[in-house]
Amino acid sequence: MHDFKLSRRHFGMLAAGVAASAALPFSVRAAGGTAIAATFPGNWEDGYRKALTPILEAEGFGLTVAPAMAQDQLAKVMASPGNPPYDTLLMSPGQMATAIENDLIQKIDPSRLKNWNMLDPAFQGEYGPTVTIEVNGIAYNPDMVPRPKGYRDLFENPAYQGKVSWTGFASNTAVMAYTEMAKIFGSGPNDMDAVFKLFKDHPEQLQGVVDSTNHQMTLFQQGEIAVFMCSTGNVARLKSLGMNAEFVQPETGSPAAPVNIHLTKGAKNLDAAYAYMDAAISKAAQDILKMPPTEMFPTNKEVALTPGIEAYVTRDQLSKMVYPDWAAINKNRAAWIRTFDALVAG
Amino acid sequence: MKASGFPYVVPMLLLSVAFFATPLAVLVGFSFSGPGGATVEHYGRFFGDAFNFRVLVSTARLGLETVVGTTLLGVPIALLYWHSGRTARQVIIFLTLIPMLTSNVVRTFAWIVILGRQGPISETLMALGLTGSPISLMFTEFGLLMAMCQIDLPLIILPLIAILSRTPVQFTEAAQVSGAGPWRILVTVLLPLMLPGLLAGWILVFASTSSSFVTQAVIGGARNVYVPQLIYREVGTLFDWPLASAIAVVLLISTGCLLVAMTMISRHRRLVGHA
Amino acid sequence: MRDMKENPVPALLYKVFVFGFGSLCVVYLVAPIVIALTMSFTSGQTLKYPPEGFSFRWYEALLDPVRSATEHAAAWNSLKIAGLAVLGALLFAVPATIGMTRMRRSTVGTIEPLLLAPLVLPSLVYGLAALIVANFVGLQPSLWLTVTGHVVVFGPLMYRAASVVAQGLNPSLAEASTVMGASWFTTLRRVTIPLLMPGILAGAFLVFIQSLDNVSVSLFLADAQTTVLPLRMFALIEESLDVRVAAISGILIGLTLLVMLVARRVLAPQRQA
């Protein structure tokens, strides 16, 4: 600090420069209606900006893609009652149930979507269309462990001892795996006591418990763990980055989570928001989004699956996926989280 | 002269009241809100669970341990700075700034490497024959403490350097002339000189460890849970905002008490120093 | 450097402690960052240690205006917010520091906790509560709301860093200046602020860096079209362990080194007393 002196004049110039630049607008707004659409940050954000903006512009609308994780989208809308910062949200059924319960989203009018009939009935939600579906399973490193058959294997085969990483109940991926395990080891999807007992009997499984899937991807590539619960997307990305990772559909079935677009209550740019939803389920957009790096499973019937996607899941298999009851999960989630945390902390 | 300082403080006080006290009031309001009017139910829920109380205690403990660790590492660096020439001093400043210039995500990533099975710690222990198989310090409290101490170290060094850089080298001359050895000078002259900086550093370090959560979550894993992680989960996963607010108020009060205690010590010492 | 005439053993031990152990502490401080930087020069596809080979490809990717357009926009937003937050901290926290040196200790003891309180509240909670209040009084999320939030949350860092130096100041210096006929503004400009400068610089740095690394406050208080850099970096790591995240740190460190070298050559000699 001793010799690191800025003169006041320099400092004043610097300050004036910063202030002047801040006065410039962040971006130039489109003249017509602009939809403010929340999406997940990263690839999803870039993909939607690239694939959907031209479609909306062709129809005279603008699109602002606002990156935020699902829980942050919800928190932000909840904190601004009646005055949502987004016109549309993007989330899976777990968060959708919370959004409906708190009266944050509204039912949509399907007649305003030209591409509505291109969706299977399963994807025509009354609270908005399903734009893709994430299929979950088990990721493993073939260099370190044999191919697991399913969840039971991970507990009963000593080859996996100390090499599996789990996450707490705050993660959607984890909750879906645990409800499956509750069916296998207990009496049904909500018999979580059976799962807790299972972990109590296998304390070595609790060593590598972390907070979220993205931490697991880091640990996986550093060789700290060899198995974790994942979506096909996680494994596709690990593979595309040159890592030795494989995806397994558990013998008992793969839990799946659709991703939906929802219209917020009090959305200010309704026309643009509908145009955005329509664009997101259009063939033109999904043909782009099914390619790497997004590799989203297309929900529009007219879009052909790529070999890359088909390697993980085909359209026929969709009906065999397990779709958890999120209303029941949300009811129990707080208690499950606390029990599990206490269990992990020992 | 004594009263003339107040107008200078007014702008920051007003800012604090308008933009901090009002959100805080909302928070406190939330924490007492119930369907049938005011209630202390949420505080009851928090303290009713022994696990939560343990989390609160380990949060304070991690904070204090990090304060001790950063002090033990920071004071020698500050002394190195004090005894160095102009160029070396600038190098030390630069090296102190480096960790802060590295994003939290990246710093945490580096610590995963260091603490992991194939990391330098594990390899060294194996080479020395202290352990037969690779060990991992990931998800351990000790590993987390090592990382927190490094990450927060600049917060304690910067105030110390700010003081030392303002102090002429001749400051210790009187003591030297009177024949005091270097250790004596350290204890009787340099440490008292650095004390305000140490206290500031302790406050910054403690506040930082008790309110952040990325490093704790990744390095500590789910086995080591701290209060900010509890709050984050209540806010974003369970949407139990009254409980989240109650936890935040408890955190604010408990860390606030510790900080006030630290500040009072500093004021008291100044009193002594001026007498 | 200084002659230590008596028993040479304690003096030697002291030297070993300061130069030996002190240097070890510096190594501890810097080693993790060296590892992080090493990874940023990998020729491989992901952030991984040990890196697969040496290349500048991730720096090239980061600086490419097309491939990293979103990162550039996010970086610009974050730099703007951080710069304005420093400015705000200078305007609010530095006067408060000066004021506190001129007040009774008991008064200071009462007010100071109020000023420092924002340091202790997790910024996620602050961001959320501030958004609720802003919405209630009809303020929309915006750049200015974000900057205000950052000044509130990080301003105390400036206050604390500057007051460290202020505590050691001799109040009679300012008094002497006033007695000699200087106006309060001249005294402030010529005496008080220059004396506080090391603390102010340390504080400015802390505010700037913490603001640059903050996700929560920006997430809740910024308008929908404003992406900030740390949020973007989080997504890049989460999805693809993108090496550009480490390259961003490399560039920040390089820029700081540059600024310090320039400051050393250009600014220091002319102000050497």
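In chain B of this predicted model, helix H3(B) passes helix H9(B) in a right-handed crossing, a term used when the near helix is turned clockwise from the far one by less than a right angle. Helices are DSSP runs of H or I with at least four residues, and strands are runs of E with at least two, both numbered from the N terminus. The axes of H3 (residues 50–82) and H9 (residues 182–211) of chain B come within 9 Å and cross at roughly 140°, where axes are lines fitted to C-alpha atoms over the stretch in contact and angles between N-to-C directions run from 0 to 180 degrees. H3(B) is therefore oblique to H9(B), a class left for angles that are not under 35 degrees (roughly parallel), over 145 (roughly antiparallel) or 65 to 115 (roughly perpendicular). Among the residues making the contact are Gly63(B) and Trp82(B) of H3(B) and Gly201(B) and Phe206(B) of H9(B), contact being assigned if C-beta atoms, placed from the backbone, lie within 7 Å.

Chain A is divided into domain 1 (34–134 + 257–320) and domain 2 (135–255 + 326–345), with bounds that come from an automatic or database domain assignment. The centres of these two domains of chain A, taken over C-alpha atoms, are separated by 27 Å, and 14 residues of domain 1 are in contact with 15 residues of domain 2. On the side of domain 1 of chain A that touches domain 2, the largest share, four residues, comes from H4(A).

Residues are numbered from 1 along each chain as its sequence is written, and chains are lettered from A and ligands numbered from 1 in the order in which they are written. Local features need pLDDT of at least 70 and side-chain atom pairs count only at pLDDT 80 or more, whereas totals for chains, interfaces and linings use all residues.

How values were computed: Two residues are in contact if their C-beta atoms, placed from the backbone, lie within 7 Å.
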